[in-house]
Structure formats: structure tokens, C-alpha cells
Amino acid sequence: MTNLIEIKDVHHAYQTANGPLPVLDGLDLSVPEGEFCAVVGPSGCGKSTLTRLVTGLMKPDSGEVWLHGELVKSPRKTVGMAFQNPVMLEWRTIMQNVMLPLEIVAPSMSKADREKRAMELLELVGLAGFEHKRPSELSGGMRQRASLCRAIVHKPQVLIMDEPFGALDNFTREDLWQTMRDLRAKEPFTCVLITHDLRESVFLGDQVVVLSGRPARTQYVLDVTLPADRTIDVLYEQQAGQMLHTLRDQIRIAQGREETHA
Amino acid sequence: MRKILTPLIAIVVFLLLWEFIVWVNDWPNYVMASPSDLPEAYARFWKLFLVMGWQTLWRTVVGLLIAVVVGTLIGMIMGFSRTARDALYPLLVGFNAVPKATLVPVIALIFIGQHDFNTVLMAFLISFFPIAVSVGIGLSTLEPEYRDILRALGASKMTIFWKIALPKTLPEFFGALKVAVTLAFIGTNLVEIVSPHGRGLGALFKSGETNANYPLMFAVLIALAVLGILLYYAVVALEKIFAGWAERPQS
């Protein structure tokens, strides 16, 4: 199996007033085609920098980022993005928001086809009937659903998500995990998910990558050996519990804290 | 109905109060005109009001249109380039702080006899500042995520501007335009009054002053206020069309 995303020994530092601030220090990551890679790590460890590297919005100081056998040097049309902030364009309807990437990536596509494609996804995430509403008329969870549709409307090879569910309440978040799982079953894409939520990483991920504290390097990779059509209940069973425990320990190490509990 | 009635009642109350204050103080109309003096002034000079009012109006609107174009351009430059922002801000603020009345003789000397041009120029000079600042701030405070969703797809800067930055800045732009409308009227009348050339409501005001016709002077002021209100609501109507989405439903 080939790796769709291949990140090799990436180093990067931001230039600040107090000199260079290293954020990535030997980051490795490989995600096979169609796999879901969840990335966890302490706050401020450079996870968001990772998303900007994979999307080509930023070039690393050293090291290589490969996407589909090509070295990433600039943004490409085969990537979709979703952020914690759903970034809805308030002057457009939900449907028009979802169609936005198509206007850039497939300008020759007819309006009817664009609408059909957008509608297809909106139905998948349960937003049928809301397509002509403005974003301000929707709840946070619904906006995030629309944002997911927009991220994959142009059938990107890679979907990059930077804490997309971070601002939602727990139940809404679990709903969206299941939406995400269903979307993947219907629309195959390779995915990198940045998250702070270990349960989320285990529920959605095929592999979970733990980054060390800043400057980040790949500290630990966990293979999630759960069935693809997992349900939320799985998280309350022993196998997932052990994985969560392992991840928790790794995070503690990443934070530079020793085992202190008795 | 309520939307029209409420401001109408407010205007009537204002006029009554004005009439009352003049009446209580027993001011003759060569000290302070009262609303009841105005109909006579309008009846006598209505032709002049139409001609002069039109002259004031078109020059204000043209000045305002130029201010929109130039102000937006300056705003764009300041919004996209930090260097331009650092360079232009002190200049703009300094220029805006100069009392525009002092510029009237300067302009009148540079462009002698070009009265229409001078008037339009002043309307423009006085009103472009808020537009430039608001567009500049709107563009420079665009959240990076908004740019990134298009940039990650390889969209050009121009595409990002048309699809995201410009529409997102529209509410601020219209806010500034409302301020600019009234400023532009001040600019037009400044030239018409300080550098009289027999045109516009400002000139009519001046002739009222020369002839000690106080009711006429007040009638001019009211006419100016009416024009200002008209143009303001024209902007509000445009705002409803182009930036109506920014209005939140009231709860």
C-alpha cells in the first residue's frame, strides 16, 4: 500500500521578536490512502503548523512533505480543510457556502451539477431542508456539518481538519463523529484530524499519532484495531479503554510530566 | 407604518418645540426664524430652491462617488500591505485633521473659476477618509481561516478578494458610507458658502445673509437637512440590498 501523505523529518521554526521559535523538530508522519490519521499532542505543540504544511500553505525550513507521490510546494486543489471555526460566509446560503470550493476547483461545472453535488452531501449530514438558510440561522453543530460538506464537496484526496469539533458540546460532538464515520463510508478520502480529544481520536482514527511537546516530533503511533463501523458504545469497552489509557500516558510524557499518581 | 410614523412624529415635535422657544422668547424673525416663517420663504423662492438644491445634490453625489472609488482603493492598499498601512495612516489622519475650510481658498486659487470641479473636489476630500479607514480595517482584520479555505485550493489573491474579503467588508463599508454622506454635504456647502459663485444652496444661504432674510437662511438649512436625510436613506436602501445579510433578526 502506498502512503498518500508522507512527512519526512520536518523541522520548522517561526521567526519571532525574541529569535526563532522552533515548533517542529523531526516530525514524521505517513498516512496510507484512505486511512484516517488522528494527531494528538499537548497544547501549542505545533499541530496547526502541521495542517498548514500538508495543505501547502507553508513551507517547512527543512524536511519533505509528499502528497500522492508529489513534493508539496504550494497549495493544491486536491485538499479540503475544516477548522474549529466553521468559517461560514454569512452572505451566502448554506448551499452556496458548500458550493464555494467548486467555484474555484471546477469553474466549468454547471450550476445545476454543483447544486446537485452540494445537496447530496447536505442530505448525508442531515441538513436537507436547511440549504437555503443563512449560516446565522443555524446552530453551531449544524454550521460545522455544513463546513464538513464544504471541505469535501470537490472530492479532495485529503481532508485536513484542525479541531473541527472542539467548540461543540459533548453530545453534538458525538453526533458529528458518527456523521464523520458515515461520510467516510460513502465518500472515501484520506484524513488528517488534529484534536485534543483522545476519545475522538480513538473513535475516528485508524492510527493515532502522539506528538511531543514543542518543538514537536512524532513520539508515538497507535494503531487503532477497532472495526471500521464502530459505534460510540465501543469507547466504553475494554479494548478502547486500554488504548485511551496508553494515549493518556503518552500525552503525560509529551507534557514532560512523570507519573505522579499513586 | 410604525417605522414611518415614529420619525414623523419626532420631526413634528421638534418643529413645535422650535416654534415654542422662539415664541416664548419673543424673538423677532431677524434674530431667529421660526418654522412658521419657512413656508413663506419656500413659496417665494421655490424655483431657486429647486435649481440650487439640484446643483448641491449632484455635486455632492459626484464627490461621494469619487470618494467611494478612491477611498476603497486606498483602503484596499492599506488592508493588503502592512507597509502601506504604516506609511499612509499618519498622512491620512493628518490630512483629515486639517480643517477643510482652510483648503477652500487654496483650491480656489489652484483651479480658478472651476466652481463645479472645486465643489466636487471638496465633497470628495472631506468624505473619503472614513471609507478608506473602514475598508482598510475590514480587510486587514479578515480572519486567516477565511483566506485559508480558498488559498488552500490554490485560489488567486483577486479571487479571494472578490469572493471573501470584499463581501465581508461590506457592512463596515456601508457604515462608513453613512458618515461620508453627511460629510460630503458639508464639503459641498463649504465651498458654496465660503467661496460664493452663485450656485448651490450655499449660495442661496449667502444671499439670504446679505439681504438679512433670516427665514430664507433657515429655509436653506432645512432644505439641506432634507437632502441629507434623502441621501442617507438611499444608502440605507443600498445597504439592505447588498449587506442585508449582516442584519440579525431582532429577538
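Start with the contact between chain A and chain B, to which chain A gives 18 residues and chain B gives 16 residues. The model is a predicted one. On the side of chain A that touches chain B, select strand 6 (79–83) and helix 2 (94–105), the elements that give two or more residues to it. Colour that side by residue class: 11 residues are nonpolar, three are polar and four are charged.

Next, stay in chain A and colour it by domain. Domain 1 takes in 1–78 + 158–169 + 190–262, while domain 2 covers 85–156. A distance drawn between the C-alpha centres of domain 1 and domain 2 of chain A comes to 27 Å. Where these domains of chain A touch, eight residues of domain 1 are in contact with eight residues of domain 2. The domain 1 side of this contact in chain A consists of six nonpolar residues, one polar and one charged.

Now select strand 3 of chain A, residues 36–40. Is strand 3 of chain A enclosed or open? Five of its five residues are buried, so strand 3 of chain A is largely enclosed by the rest of the structure.

Strand 8 of chain A (residues 190–194) runs parallel to strand 3 and is joined to it by four bridges. Strand 9 of chain A (residues 207–211) is also parallel to strand 3, again with four bridges. Centre the view on A:Val39 to see both pairings. In strand 8 of chain A, A:Ile194 stands opposite A:Val39, and in strand 9 of chain A the bridge partner of A:Val39 is A:Val209.

The last stop is A:Leu4, found in strand 1 (residues 3–16) of chain A. Why does A:Leu4 count as buried? There are 23 other C-beta atoms within 10 Å of A:Leu4, and the cut-off for a buried residue is 20 or more. Leaving out residues up to four places away in sequence, A:Leu4 touches A:Val31, A:Pro32, A:Glu33, A:Leu67, A:His68, A:Gln157, A:Val158 and A:Thr190. Finally, draw a C-alpha to C-alpha distance from A:Leu4 to A:Ala216: these residues are 212 residues apart in sequence and 22 Å apart in space.

Conventions. Residues numbered from 1 in each chain as written. Chains lettered and ligands numbered in written order. Predicted model: local features only at pLDDT ≥ 70, side-chain atom pairs only at ≥ 80, totals over all residues. Buried ≥ 20, exposed ≤ 12 C-beta atoms within 10 Å, placed from the backbone. Contact = placed C-beta atoms within 7 Å. Domains from an automatic or database assignment. Nonpolar A, V, L, I, M, F, W, Y, C, P; charged D, E, K, R; others polar. Pairing = 2+ DSSP bridges.
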